[in-house]
Amino acid sequence: MSGDIQQFPQSACEFESFVTAGLEGFLRHAFSLLGNIEDAEDVVHDVILKIFRTRSELTGIARPLNYIHRMISNSCMDLIRRKGTRETFIRLSLKDPVHGFEEPVESSIIRKEEAIRVNTMLENLPMDQALVIRLRLMEDMSFTDIAEITSSPVTTVKSRFTYGMNKLRSGFHIKKEAYEEM
């Protein structure tokens, strides 16, 4: 995220270009939290509309992309709280294959099964740990950017990542041992 501009674009044309460049990442972020593409699109749309309406007040924001990701995270958490529970779902957002590349059917099935397995494991983690892991590994964000997005100290973000990864590893070893015993 080192290429962030230093203020929100003010003209409608500049704002549209700015949002278009980050839209895929915004949707992937919301989808990874909600697991429902319609809800993710609604959240991203609402956040972008809110920012567009108040962009003249946001000129002091140093890292606009991080600010938008934080707003998306907060909106997703609000939606999850309103619904009462997180939906059980399958997220296949682990970096989809390059456009125009025909993936063999077997590879596609294996990739989807792996995505399901990883997402199921992430579902069993506390939400704050799963969020940090998704942002770090799936969105390739730095710990500093994640700290800014989650409004947490960098040390907290790093510890959430470490604890979450340790839980994932121990769960993997337990499942692997159970599989080997079969």
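Hi everyone, let me start with a pair of helices: α1 and α3 run roughly parallel to each other, because their axes cross at roughly 30° and angles under 35 degrees count as roughly parallel. Before I go on, please keep in mind that this is a predicted model.

So who are the two partners? Helix α1 covers residues 12-34 and helix α3 covers residues 64-83, and their axes come within 10 Å. For those of you who like handedness, the crossing of α1 and α3 is right-handed.

Now, which residues of α1 meet α3? On the α1 side you'll find F18, G25, F26, H29, A30, L33 and L34. Facing them from α3 are P64, L65, I68, H69, I72, S73, C76, M77, L79 and I80. Sorted by class, this contact of α1 with α3 holds 13 nonpolar residues and four polar ones, with no charged residues.

Let's zoom out to the chain.

A few totals for the chain, then. There are 182 residues, and 39% of them are buried. If you take the contacts between residues at least 6 apart in sequence, 70% join residues at least 24 apart. Finally, the accessible surface comes to about 10900 Å², and carbon and sulfur atoms account for 56% of that surface.

Methods. Residues are numbered from 1 along each chain as its sequence is written. This is a predicted model: local features need pLDDT of at least 70, side-chain atom pairs count only at pLDDT 80 or more; totals for chains, interfaces and linings use all residues. Side-chain values use heavy atoms; hydrogens and water are left out. Axes are lines fitted to C-alpha atoms, for helices over the stretch in contact, and angles run from 0 to 180 degrees between N-to-C directions. Helices (H or I, at least four residues) and strands (E, at least two) are DSSP runs, numbered from the N terminus. Angles under 35 degrees count as roughly parallel, over 145 as roughly antiparallel, 65 to 115 as roughly perpendicular and the rest as oblique. A crossing is left-handed if the near helix is turned anticlockwise from the far one by less than a right angle, and right-handed if clockwise. Contact means heavy atoms within 4.5 Å. Ala, Val, Leu, Ile, Met, Phe, Trp, Tyr, Cys and Pro count as nonpolar, Asp, Glu, Lys and Arg as charged, and the others, Gly among them, as polar. Buried means under 20% relative accessible area, exposed over 50%, partly exposed in between (1.4 Å probe, protein chains only). Accessible areas come from the Shrake-Rupley method with a 1.4 Å probe; for residues, only the protein chains shown count as cover.
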